[in-house]
Amino acid sequence: MNRLRGRISAIESSGELSRTDIECGDTVLTAYLMGGVEESFREKVGSEVWVLFKESEVALAKDFSGQISLRNRFEGRIESIERGDLLAQVTIGYGNDTIVSIISRRACDAMKLQVGESVTALVKANEITLMECS
C-alpha cells in the first residue's frame, strides 16, 4: 500500500459525496469520499492524514503531455523495476517518499521503462483512502 503524509486543505460536499483536497509537499491531491466519511473529516481541515492507495491503482506515463482527467499526478524518477512473468513492480522516487506501481509486464516492456527515467504516476481521486494520523 502506498502511503503519503498530507494535510487536509479543503472539503466540499454534495449529498453523500465529498471532495477532499490534501496537501502533500508541493502537490495537492484530491480524494472523493462517499457516505458519512466526510463527516469525520469535515471539522478537521488542517489535520494531518495518511493518503493511501494500492500499487495496482497507480498508472504510469512516460513523456506525459496534454490533458487527462486524472487529477492526482506525481512526477518522479524510477528507482527500481522488478519484472515478473506477467507483472512488473516499478518503484518511483517522489520527494522524500516512494510510490510503487504494479503494471503489466507488457506495458513495462512496451514503454521501455528503465531505472533513472522520469515518469508520471497517476491515481484516480476515487482510488484514494484517507486515514487520520495518530
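**Note on charged pairs and strands**

1. Glu-132 counts as partly exposed because its relative accessible area is 40%, where buried means under 20%, exposed means over 50% and partly exposed means in between, computed with a 1.4 Å probe on protein chains only. The model is predicted, so that local features need pLDDT of at least 70 and side-chain atom pairs count only at pLDDT 80 or more, while totals for chains, interfaces and linings use all residues. Residues are numbered from 1 along each chain as its sequence is written, and side-chain values use heavy atoms, with hydrogens and water left out.

2. Glu-132 takes part in a salt bridge with Lys-44, in which the closest N and O atoms are 2.9 Å apart; a salt bridge here is a side-chain nitrogen of Lys or Arg within 4 Å of a carboxyl oxygen of Asp or Glu. This pair links distant parts of the chain, since Lys-44 sits in the loop between helix H1 (37–42) and S4 while Glu-132 belongs to strand S10, 88 residues apart. Helices (H or I, at least four residues) and strands (E, at least two) are DSSP runs, numbered from the N terminus. Lys-44 is itself partly exposed, with a relative accessible area of 26%.

3. Across the whole structure there are seven salt bridges, and Arg-5, Arg-7 and Glu-48 are linked in a network of them. Arg-5 and Glu-48 bring their closest N and O atoms to 2.5 Å; because Arg-5 lies in strand S1 (residues 2–14) and Glu-48 in strand S4 (residues 48–53), the pair ties together parts that are 43 residues apart in sequence. Arg-7 also forms a salt bridge with Glu-48, at 2.9 Å between the closest N and O atoms, and here strand S1 and strand S4 are joined by residues 41 apart. Relative accessibility is 38% for Arg-7, which counts as partly exposed, and Glu-48 is partly exposed at 30%.

4. Which strands form the open sheet, and in what order? Five strands do so, in the order S3-S2-S1-S4-S10 with antiparallel pairing, where two strands pair if DSSP finds at least two bridges between them. Strand S3 (27–34) and strand S10 (129–132) are the edge strands, each pairing on one side only.

5. Asp-21, in strand S2 (residues 17–24), deserves a careful look. Side chains of opposite charge can pair when their charged atoms come close. Asp-21, however, is buried and has no salt bridge, and the nearest side chain of opposite charge, Arg-71, is 4.5 Å away (Lys and Arg count as positive, Asp and Glu as negative, and His and the chain ends are not counted). Its side chain instead makes a polar contact of 2.9 Å with the side chain of Thr-30; such a contact is a pair of N or O atoms within 3.5 Å, where within protein one must be able to donate a hydrogen and the other to accept it, and residues adjacent in sequence count only if both atoms are side-chain atoms. Thr-30 is also the bridge partner of Asp-21 in S3, and eight bridges join the antiparallel S2 and S3.

6. Thr-30 meets a further residue, for the side chain of Asn-72 reaches the backbone nitrogen of Thr-30 at 2.7 Å. Asn-72, in strand S6 (residues 72–83), is buried because its relative accessible area is 0%. S6 pairs in the antiparallel sense over six bridges with strand S9 (residues 118–123), and also over six bridges with strand S7 (residues 87–94), to which a hairpin joins S6 through three residues.
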